[in-house]
Structures are given as C-alpha cells and as structure tokens.
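Here are some notes to read alongside the model, written as numbered points.

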Amino acid sequence: MAWTKYQLFLAGLMLTTGSLNTLSAKWADMFSAIGCHDDPEHAFTHPFVQAVGMFLGEFSCLAVFYILLCTDRRRPEPRMNPGQDFHPMLFFAPAMCDMTATSIMYVALNMTSASSFQMLRGAVIIFTGLLSVTFLGRRLHKSQWLGILTTIMGLIIVGLADFFRKNKDDTHKLSDVITGDLLIIMAQVIVSVQMVLEEKFVYKHDVHPLKAVGTEGFFGFVVLSLLLIPMYFIHVGSFSDNPRHVLEDVLDAFCQIGHEPLILLALLGNTVSIAFFNFAGISVTKEISATTRMVLDSLRTLVIWVVSLALGWEQFHGLQVVGFLVLLVGTALYNGLHRPLLARIPCCAHLVATEEEEEVGDSPGERERLLGDGRVQTPDES
C-alpha cells in the first residue's frame, strides 16, 4: 500500500528533525567564544544548559496539545481523544530519569563523535529488554534474545572503532572518547528504567502522547533549571572545561552566546527539533506503524554519520560501518522486522507463526512503546 503525501511528509519530518537534534547539539559543542569578565576564548561546553533547552522543546509539546485540542473542539464533530485526567506527579519519576540520562548524554557528546553518540544509544534495547523481564514479567522471544546479543556485538565493534580512530582535529583525546562512550551506555540504563516506570505506572492511564511528553518536559525543564543554581557553585576541577571549573556555569554560557550568536542558533535548533521530532514520531506511529518509526529512527543514525563525514567533523572508519550494520540487525531482530522476510521462506514460516501465536494477549504496542528515543509512548501510538 502506497504512502499518502501526508505520511511521506511525516516520515521526512521525523527523519530530518531527529537528525538535526543530535547534529545541532554537536554543532554547539564545536564553538569557541570569549566568556565573562574577559575570560580567554574557550570551547562551549555547557551540557546542562543544552539539556534545559531540550526539555523546553518537550515542554512546548504541551502547548501544541492544547492548540490541537482547541482547534478540534471548534469542529462540528470533534475527533480528537484528549485522554483521561491524571495526576501530573505520575510523570515525575520518569521525568527525573529522563533528565539524568539526557544530562549524562550531553556531557558524553562533548567527548565523542555525533555518529558514535547516536549508534551507542542502541544499547537501550539491551537494558530495556532485561528490565522488562525482571520487573514487568515479560517473556522475550528467541529472536529478541538474539537481537540483544547482536546489539552487544555491535556496541563492541563501535567501541573498537572509536578506540582505533583518531579525530581529524584531535579535539577528542582517546581517554575522553572512551569515557564518553561509557557514559552514553550508562545513560541507556537510566533510559530503560524510565521506560519500565512508564510501562508499569503510566500506560495503564489513557494519556494523550503529546500531553505526556509535555508533562515530562515541564518537570525536566523546571527541576534542571533550578539545579543550575547549585551547579554554579560546585567545583569539579579538570572535569569541567569552563573557566571557573564548576559543574555548570550558566552565566559563562550566556556570555559566550552573546559573543557568538551562532551558538544560540544551534541551541534553538536543538530545542525546536526535539519538539517537532516528538510530534512527528507520534504521528508516524499513528498514521503508519510503530515499526516504521523504528526503521526511521535507525536511518537517522545513518544520516547523522553521513553529515558528520561530509562536514569533516570526523573521519571514515570501516569498523564503524560494520558496527552500524550489526546494530541495525540487532534492532531488527528485537523488533520483529525479520518476520515478513522469514514468512516468505517455506521452511521458516512456522517459526514466525509460533512467535505470533505467543504474542496473542499482549497489549497493543507493548514492545514498541519500550523502544522509543527516551520519550514517552503510549499503547496506540506513540
């Protein structure tokens, strides 16, 4: 069945904004500018400020929800399901997980390449699968276990590629790259905890996905903004690259933005792209399928990698190609994308039928909603 123009637009919007989200964050990291009090020019390394901007983008989804709701209610026959009322604190724990993981990943993005950053985020499959078995009592199929093992192999290959590769400008030392890669994988553990919490406590409620994303964004934005105050006074030595060597110097960030306006453009790109990415992802799953959303999410890794190479941000390494392909296979196996292919092979068709029979009784979208990009998903879509 051919896609409509609207479906093609949504797919393109998700792929574009998802890629821009990581690329704009990395672009901001690559700027250098003068800070406050005539500080010498230094790199823009303000991961927590960037994380606040990302949560502002998520928070804006709440405004989009109410705009769509008001527009729908003006129609003679409203079609939008606003969902049931819920206590906002239901999203506080998942939002704190999201805040912690996002902050760690932005710290890691300062240390490693954009392509490795995106590829290593595939580790979420491993921890989400294991935690869903332990805490949700879910039973994984053999193909999903194989997908987890394949993903582990892919992560090892990508890590080896980073170990043997030298950046073109030598801005990242080997120790920084390894530390950044490990931080990204550690962040995926927290993301998987977030998803399991959402699965256990949130999805039993009929919450509109845009409202859910916006509520988490609100908590993340408010809490992290307040945390910037004590971060301004916490000295961390050489761990921080800002002149005062504190955990986060928000005043230095604003001064650098004032001296180099393009940093603001990069930050706005990150904020706006995350808002549109969430909207597009929700719409793709609703209008097309959750499987299509996962395929597009994998493709944006390829887009980020190709653009990074084209801009000279990193050098080509064959091991990274192998790692990406292995990760792609692992994701496909875990999400059941191999089934249509195997169903056409007579000797394997019964294996597909067996897996599908085992899934009878599972809630709609049960597996898909545990595999988002750290954002909230609900059973019927998103």
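**Notes on the predicted model**

1. Let us begin with G18, which sits in helix α1 (residues 5–29); helices here are DSSP runs of H or I with at least four residues, strands are E runs of at least two, and both are numbered from the N terminus. With a relative accessible area of 0%, G18 is buried (buried is under 20% relative accessible area, exposed over 50%, and partly exposed in between, with a 1.4 Å probe and protein chains only). Not counting residues up to four places away in sequence, G18 touches L13, F277, R300 and I304, where contact is heavy atoms within 4.5 Å. G18 and A280 are separated by 262 residues in sequence, yet their C-alpha atoms lie 9.2 Å apart.

2. A word on the basis of these notes: this is a predicted model, in which local features need pLDDT of at least 70 and side-chain atom pairs count only at pLDDT 80 or more, while totals for chains, interfaces and linings use all residues. Residues are numbered from 1 along each chain as its sequence is written, and side-chain values use heavy atoms, with hydrogens and water left out.

3. F44 deserves a look of its own. Beyond its neighbours within four places in sequence, F44 is in contact with residues including F31, N110, I257, I263 and L267.

4. How do α3 and helix α8 (residues 209–231) pack, and at what angle? Their axes are 9 Å apart, at an angle of about 55 degrees; axes are lines fitted to C-alpha atoms, for helices over the stretch in contact, and angles run from 0 to 180 degrees between N-to-C directions. That makes α3 oblique to α8 (under 35 degrees is roughly parallel, over 145 roughly antiparallel, 65 to 115 roughly perpendicular, and the rest oblique). On the α3 side, the contact involves residues including F92, M96 and M99, and on the α8 side residues including F219, V223 and L224.

5. α3 also packs against helix α2 (residues 47–73), with axes that come within 9 Å and cross at roughly 130 degrees. α2 and α3 are therefore oblique to each other. Among the residues making this contact are F48, M54 and F55 of α2 and M99, Y106 and V107 of α3.

6. T112 lies in the loop between α3 and α4 (114–120). T112 counts as buried because its relative accessibility is 1%. Its side chain makes a polar contact with the side chain of D181 (3.2 Å); a polar contact is a pair of N or O atoms within 3.5 Å, and within protein one must be able to donate a hydrogen and the other to accept it, with residues adjacent in sequence counting only if both atoms are side-chain atoms.

7. Please check H245, in the loop between α8 and α9. Most residues other than glycine have a negative phi. H245 is not a glycine, although its phi is positive, at about 55 degrees. At 37% relative accessibility, H245 is partly exposed.
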